[in-house]
Amino acid sequence: MPLISQKLKDILYDKKYVILLISLVSVLWAPIIFQAFIYSDEISDITLIVLMIAIINFTRERKLYRRVTVVFFVFVSLSKSASLSLHIDNIDFVTWSAMLVYFTMFLFVLLQEVWHSKKVDVNTILGAIAGYIQIGVIAFILFKICDLLYNGTAFNRIVDISDIIYFSFVTLTTVGYGDISPTTDETKAFTVIFAMVGQFYMAILMALLVGKYQQEHQK
């Protein structure tokens, strides 16, 4: 039985980029697809748990970060319980702030894995895509924090989680439809920053990966 378990772990680790990418997409799509359902919040929580498992699998060789993931998961679980049962003030702000720190740390871990990969292959490309989506997740969390700080007035209209996810990726890709726009100085600043980050990421990291790929095949 332990041998089978170890084989399964090795298979999951070999597919860590695919699993991570699917988990990230699920976390982002769940609030949008299931927002009309009664149990939409529960579905979002399940996708977050799946993402945590994917991150634990991804960081199998990084024991410190795996411990950070476990601590973060326990903290978020306790925070959600406290917000539902005890109605503690500002608990949502603390929870989202913890998520911001955690996912920013993971972005650096992910980009390190991508950059230090021995060769540019499918996994490297999937990792680069996951990194881009991860930046969008960080943008979403920051905009959500701004919305909490300003009691729902950080944008030109009332927004829910699916709206903020939409706005984050519209900003990151510099599409800018204009149906949702920032109204506070902090939200405007973050909008400009992530619009620039989205362009720099595609222009710099992707160009470096292409250059690395060309060097490998010229040898």
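**A salt bridge and the overall fold**

R157 and D163 are joined in a salt bridge, in which the closest N and O atoms lie 3.7 Å apart. The model in which this pair is found is a predicted one, and its secondary structure comes to eight helices and zero strands. Of the 219 residues in the protein, 41% are buried.

- D163, the partner of R157 in the salt bridge, is buried, since its relative accessible area of 18% is under 20%.
- D179 has its place in the loop between α7 and α8, and with a relative accessibility of 38% it counts as partly exposed.
- Although D179 and R157 are 22 residues apart along the chain, their C-alpha atoms are separated by 9.2 Å.

- A search of the whole structure finds four salt bridges, including one in which the side chains of K16 and E113 meet with a distance of 3.4 Å from N to O.
- This pair links distant parts of the chain, with K16 in helix α2 and E113 in helix α5, 97 residues apart.
- K16 is buried, because its relative accessible area is 7% and the limit for a buried residue is under 20%.
- The side chain of E113 also meets that of R62 in a salt bridge, again with 3.4 Å from N to O.
- Here too the pair links distant parts of the chain, for R62 lies in the loop between α3 (40–58) and α4 (63–85), whereas E113 lies in helix α5, 51 residues apart from R62.
- R62 has a relative accessible area of 27% and is therefore partly exposed, as this value lies between 20% and 50%.
- Salt bridges that share partners join K16, R62 and E113 into one network.

**The second largest pocket**

- About 330 Å³ of space lies in the second largest pocket, and of the 15 residues that line this pocket, the closest to its centre are K16, Y17, S117, K118 and N123.
- Four helices each supply at least two residues of the lining, namely α1 (2–14), α2 (16–33), α5 (91–115) and α6 (122–149).
- What kinds of residue make up the lining of the second largest pocket? The lining divides into eight charged residues, five polar ones and two nonpolar ones.

- I49, I53, V70, F73, V74 and L78 make a nonpolar surface patch of about 530 Å².
- The elements that give two or more residues to this patch are α3 and α4, and α4 gives the most, with four residues.
- V74, one of the residues that make the patch, lies in helix α4.

**Two loop residues with a positive phi**

- N151 has a positive phi of about 50°, although this residue is not a glycine.
- N151 is found in the loop between α6 and α7 (161–172), and it counts as exposed because its relative accessibility of 71% is over 50%.
- T174 likewise has a positive phi, of about 55°, and is not a glycine either.
- T174 lies in the loop between α7 and α8 (185–218), and with a relative accessible area of 41% it is partly exposed.
- The loop between α7 and α8 therefore holds T174 as well as D179.

Methods. Residues numbered from 1 in each chain as written. Predicted model: local features only at pLDDT ≥ 70, side-chain atom pairs only at ≥ 80, totals over all residues. Heavy atoms only, no water. 1 Å grid on protein atoms, 1.4 Å probe; cavity = no way out; pocket = protein on both sides within 12 Å on 5 of 7 lines; lining within 4 Å. Points joined across faces, edges and corners; volume = space filled by probe spheres on them. Nonpolar A, V, L, I, M, F, W, Y, C, P; charged D, E, K, R; others polar. Buried < 20%, exposed > 50% of the residue type's maximum accessible area, 1.4 Å probe, protein only. Patch = residues over 30% accessible without salt bridge, like charges linked within 9 Å, V, L, I, M, F, W, Y side chains within 5 Å. Areas by Shrake-Rupley, 256 points an atom, 1.4 Å probe, with all protein chains shown as cover.
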